[in-house]
Amino acid sequence: QVQLVESGGGLVQPGGSLRLSCAASGSVLRISVMGWYRQPPGKQRELVATVQTDGNTNYADAVKGRFTISRDNAKNTVYLQMNSLKFADTAVYFCYAYSRSGWGADYWGQGTQVTVSS
């Protein structure tokens, strides 16, 4: 089992920045992918960004050039630096991890609210 705990959400004005953190605990040795998804109000959950153990990253088009995902494997922590935030970035942000243990499993954090408002 893997537990994911997010932190860093909050209220920010358009154009501002926030940094999300997600710490993994439990059976972390088999985690390969970590990342972030978000669920805007009234919409489905969508990919924001992912990072592999080797550092390879993938971003949604909507956040490219504004968000940066990074990972500290020694701390089992993934970060999301969000710059130039827009109203459309308002959502609950969920940390994600994929573990290769057994048949493979997806794990999710409890979510952290990010609100972009003037």
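So, aromatic pairs: searching the whole structure turns up 3 of them, where rings of Phe, Tyr and Trp (its six-membered ring) pair if their centres lie within 6.5 Å, with planes under 30 degrees apart called stacked, over 60 edge-to-face and the rest tilted. Quick caveat: this is a predicted model, so local features need pLDDT of at least 70 and side-chain atom pairs pLDDT 80 or more, while totals for chains, interfaces and linings use all residues. Numbering runs from 1 along each chain as its sequence is written, and side-chain values use heavy atoms, without hydrogens and water.

Okay, Tyr37 and Tyr96. Their ring centres are 5.5 Å apart with planes at 65°, so that's edge-to-face. Tyr37 sits in strand 4 (residues 31–39) and Tyr96 in strand 9 (residues 91–99), 59 residues apart; strands here are DSSP E runs of at least two residues, numbered from the N terminus.

Tyr96 also pairs with Trp108: centres 5.0 Å apart, planes at 55°, so this one is tilted. Trp108 belongs to strand 10 (residues 105–108), so the pair ties together parts 12 residues apart in sequence. Put together, Tyr37, Tyr96 and Trp108 make one aromatic cluster.

And how covered are they? Tyr96 is buried at 10% relative accessibility, whereas Tyr37 is partly exposed at 21%, and so is Trp108 at 37%. For the cut-offs, buried is under 20% relative accessible area, exposed over 50%, partly exposed in between, with a 1.4 Å probe and protein chains only.

Last bit, charges over rings, meaning NZ of Lys or CZ of Arg within 6 Å of the ring centre and within 35 degrees of the ring normal. Arg19 has its charged end over Tyr79, 4.1 Å from the ring centre, and Arg45 lies over the face of Phe94 at 3.7 Å.

How values were computed
Helix = DSSP H or I, 4+ residues; strand = E, 2+ residues; numbered from the N terminus.
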